[in-house]
Amino acid sequence: MTVLCLVERDGDGVADASLRALSLARELAASAGGSVAAVVFSRSGGFGSGGFGSDGLGSDGAGPDGLGSGGAGPDGGAEADVPERELAAFGVADAYVVAAGAGYAPAAWARGLAELAVTCAAAAVVAAATERGSEVLAHLGALTGQPVAANCTSARWIAPGYWELVRQRWAGSLLEDAALEATLALLTVAADAVPAQPVAGVAGVNVQAFQPEIAAADLQVRAVESAERSGGVSLATARVVVGGGRGVGGPEGFEVLEELAGLLGGTLGVSRVVTSQGWRPHRQQVGQTGTKISPELYLACGISGAIQHMAGCLSAKHIVAVNTDPDAPIIAHADYAVIGDLSQVIPALVAAIRDRAGAA
Amino acid sequence: MEILACVKRVPMVGGRVVVTADGQDVDTRMSGFTVSPHEECAVEEAVQIVEREGGSVTVLTLGPPEAADQLRDMLALGAQHALLLETDGREWGPVATAAAIAGAVTRRADSGEPPYDLLLFGNEAADTGDYQVAIRVAHALSLPVVSGIKRLSLAAGGAQASREYCGMQETYELTLPAVVSVKEGINLPRYPSLPGRLRAKRAKIDVFRPDWQPEGLRKTGLRLPQETSGRARILGSGVDAVPALVALLDELGVLS
């Protein structure tokens with residue numbers, strides 16, 4: 001039995017979320033005595049000159065990968081597109097490089113997966129619950145008429161066409177035990193709840209090119225990427241996040257939190273009430289409908305700790321809460337707490353850190 | 001511009017989720033209901049477009065008779081019409097929900113009323129987070145679809161929609177009619193005005209009862225994840241706690 005796993009890239013390697021998806025896919029395959037095959041989409045959109053005819057697709061293929069017309073043959077080109085060593089380290093012995101047009105077109109990716117699933121008689125398709133993974137699997141569900149189990153944390157095969165799984169609701173604040181009946185099981189993986197587990201024993205990856213029949217309609221909606229946005233410390237990857245919530249009291253109260261964030265080499269994050277009030281822009285929101293953070297330290301000031309907020313910061317290594325209410329839900333989630341008014345505590349903390357730096 | 005904006009009635013959950021004794025549902029006896037945040041932004045976006053370009057906004061939900069409350073909340077934000085796809089209170093999955101919504105869109109097109117130019121959804125529901133209703137509706141109606149949108153602009157029969165991906169901006173071109181699912185941050189939803197609330201209270205809500213259908217994915221139970229931490233260690237009260245806090249930050253290695 002084959003379990004296909006969509007693998008997204010991060011630069012030349014495999015995206016962390018996809019390594020986690022591969023780990024769950026391996027568990028799923030093992031429960032049925034099968035194996036995982038990775039699926040990557042060709043960056044250039046093709047390999048060699050065949051397949052796309054005269055519509056211009058794949059014509060920019062002679063890029064850094066050395067693909068495209070006049071480049072390496074199908075197999076050579078396909079291999080150049082695959083982060084083989086990383087895949088092997090996660091137990092992948094087979095990988096497919098799918099040519100579904102240049103750039104990202106969600107419906108075309110889904111079409112490629114649907115055809116590949118038929119070709120290799122796959123029993124399941126797994127993807128990380130990223131923006132793209134979730135989107136492509138939803139398209140795949142619609143194309144194949146199959147259900148999609150979103151945000152799974154574990155899954156196993158029970159009988160042909162029958163699976164049991166656990167998935168997240170409320171962004172992980174609640175778990176659902178579920179049964180899945182499907183001719184092709186489609187699952188996305190809640191990456192923050194599944195560890196990336198390498199495994200020994202796979203020496204090399206057998207890479208094969210796959211050319212699906214992509215219809216023009218599948219390519220109608222396609223991403224055009226623009227230049228990378230600049231900015232300070234990214235909230236998602238910040239080592240320290242200083243959080244501010246309703247307790248900050250108004251837009252002017254964030255200045256001292258930003259000052260503290262600066263002293264700690266971190267950045268400001270806020271709760272939903274802060275962005276709903278228009279006190280701070282939405283891109284600073286931490287939570288279910290904002291950014292998920294995973295800093296070394298999250299210093300949450302004046303934040304009550306609603307589940308929608310906690311869903312965004314449960315990956316923080318240490319949570320320190322500053323709150324006037326000792327019974328606030330955040331106290332139950334935090335590792336340390338200061339019971340007090342942040343408008344007094346934070347300026348005093350900033351002064352103490354400055355004194356310390358001055359004395360050193 | 002005729003716009004359909006779809007919302008889902010979800011429990012207003014605060015500090016913690018409580019599961020019912022039978023382990024099948026979220027206990028809502030102590031909570032109210034609201035719509036998912038992304039969907040509130042979908043309605044706001046629809047209202048803003050119609051304010052600029054004319055036309056009307058229809059808000060739709062699928063849910064029990066009480067879900068009419070959420071439709072009235074959305075009417076109070078400025079939507080003109082409301083359609084309740086009324087259920088018997090059972091939980092509907094994304095496949096059946098999408099089929100019922102696609103059915104409503106098709107009935108409208110067949111009725112001689114002006115068809116929808118744009119179908120707006122929230123990216124994923126706050127509770128089930130299935131991330132697929134908008135895309136399934138688009139496939140059922142053979143419409144282009146894009147999800148996770150943070151910026152939407154319309155021009156001459158088309159739409160340009162953008163979202164972020166790994167720090168990059170991705171832009172999609174769509175021809176109308178189209179399906180777009182949006183994320184919070186695309187706009188800042190307004191608070192309902194008093195006249196808006198009064199108008200919403202009196203507004204007529206169209207009701208249609210679609211047929212429930214079983215899904216391949218079936219919930220067998222709900223439970224809370226295991227708590228990873230207990231209660232916080234209290235460092236102290238007020239400014240007196242600052243030395244202990246500085247010592248902790250030092251210990252954690254975040255003081256340079």
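Helices (H or I, at least four residues) and strands (E, at least two) are DSSP runs, numbered from the N terminus. A:Pro329 lies in helix α9 (residues 329–333) of chain A. The structure is a predicted model: local features need pLDDT of at least 70, side-chain atom pairs count only at pLDDT 80 or more, and totals for chains, interfaces and linings use all residues. Residues are numbered from 1 along each chain as its sequence is written, while chains are lettered from A and ligands numbered from 1 in the order in which they are written.

A:Pro329 is buried, because 20 other C-beta atoms lie within 10 Å (buried: 20 or more such atoms, placed from the backbone; exposed: 12 or fewer; partly exposed: in between). Beyond its neighbours within four places in sequence, A:Pro329 is in contact with A:Ser304, A:Gly305, A:Ala306, B:Gly15 and B:Arg16. Contact requires C-beta atoms, placed from the backbone, within 7 Å. A:Ala29 is 300 residues from A:Pro329 in sequence and 39 Å from it in space, C-alpha to C-alpha.

Helices α6 (residues 254–263) and α10 (residues 342–359) of chain A form a pair. Their axes come within 10 Å and cross at roughly 30 degrees. Axes are lines fitted to C-alpha atoms, for helices over the stretch in contact, and angles run from 0 to 180 degrees between N-to-C directions. α6(A) and α10(A) are therefore roughly parallel (under 35 degrees; over 145 is roughly antiparallel, 65 to 115 roughly perpendicular, the rest oblique). In α6(A), A:Val256, A:Leu257, A:Glu259, A:Leu260 and A:Leu263 meet A:Ile346, A:Pro347, A:Leu349, A:Val350 and A:Ile353 of α10(A).

Key: Two residues are in contact if their C-beta atoms, placed from the backbone, lie within 7 Å.
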